[in-house]
Amino acid sequence: MAEEVKKKKSRGQWFREMKSELKKVVWPDRKTVAKNTGTVLLCSLAIGVCIWIFDFVMYTVVQMILSLFA
């Protein structure tokens, strides 16, 4: 029984501490979020294009090698 009360106290303390920590967070404004989102999307697109080009080149090289032996 005492252990159950201790768990409830620690759970309540955890929520109080979490609330206290969330008050300290400096949340970004809408402009910063939009800028960071744009950066992530642009980098993802650039990496996707690089992978696509590499895949195309490797596919072409493998096809050329296979055509030599067929």
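Student: Where does the model come from, and how are residues numbered?
Tutor: This is a predicted model, where local features need pLDDT of at least 70, side-chain atom pairs count only at pLDDT 80 or more, and totals for chains, interfaces and linings use all residues. Residues are numbered from 1 along each chain as its sequence is written, and side-chain values use heavy atoms, with hydrogens and water left out.

Student: How many helices and strands are there?
Tutor: The protein has 2 helices and 0 strands. These are DSSP runs numbered from the N terminus: helices are H or I with at least four residues, strands are E with at least two. Helix 1 covers residues 2–24. Helix 2 covers residues 30–69.

Student: What is the accessible surface of the protein?
Tutor: About 7100 Å², and 70% of that belongs to carbon and sulfur atoms. The areas come from the Shrake-Rupley method with a 1.4 Å probe; for residues, only the protein chains shown count as cover.

Student: New topic. How many aromatic pairs are there?
Tutor: There are 2. Rings of Phe, Tyr and Trp (its six-membered ring) pair if their centres lie within 6.5 Å; planes under 30 degrees apart are stacked, over 60 edge-to-face, and the rest tilted.

Student: Why does the pair of Trp 14 and Phe 15 count as edge-to-face?
Tutor: Because the planes of Trp 14 and Phe 15 sit at 80 degrees, with ring centres 4.9 Å apart. Trp 14 is partly exposed at 47% relative accessibility. Phe 15 is partly exposed too, at 44%.

Student: And what about Trp 52 and Phe 56?
Tutor: Their planes are at 20 degrees and their ring centres 6.2 Å apart, so that pair is stacked. Both residues lie in helix 2, 4 residues apart, about one turn of the helix.

Student: Last one: how many disulfides?
Tutor: The structure holds 0, where a disulfide is a pair of cysteine sulfur atoms within 2.5 Å. Cys 43 is partly exposed at 45% relative accessibility. Cys 50 is exposed at 52%.

Conventions. Buried < 20%, exposed > 50% of the residue type's maximum accessible area, 1.4 Å probe, protein only.
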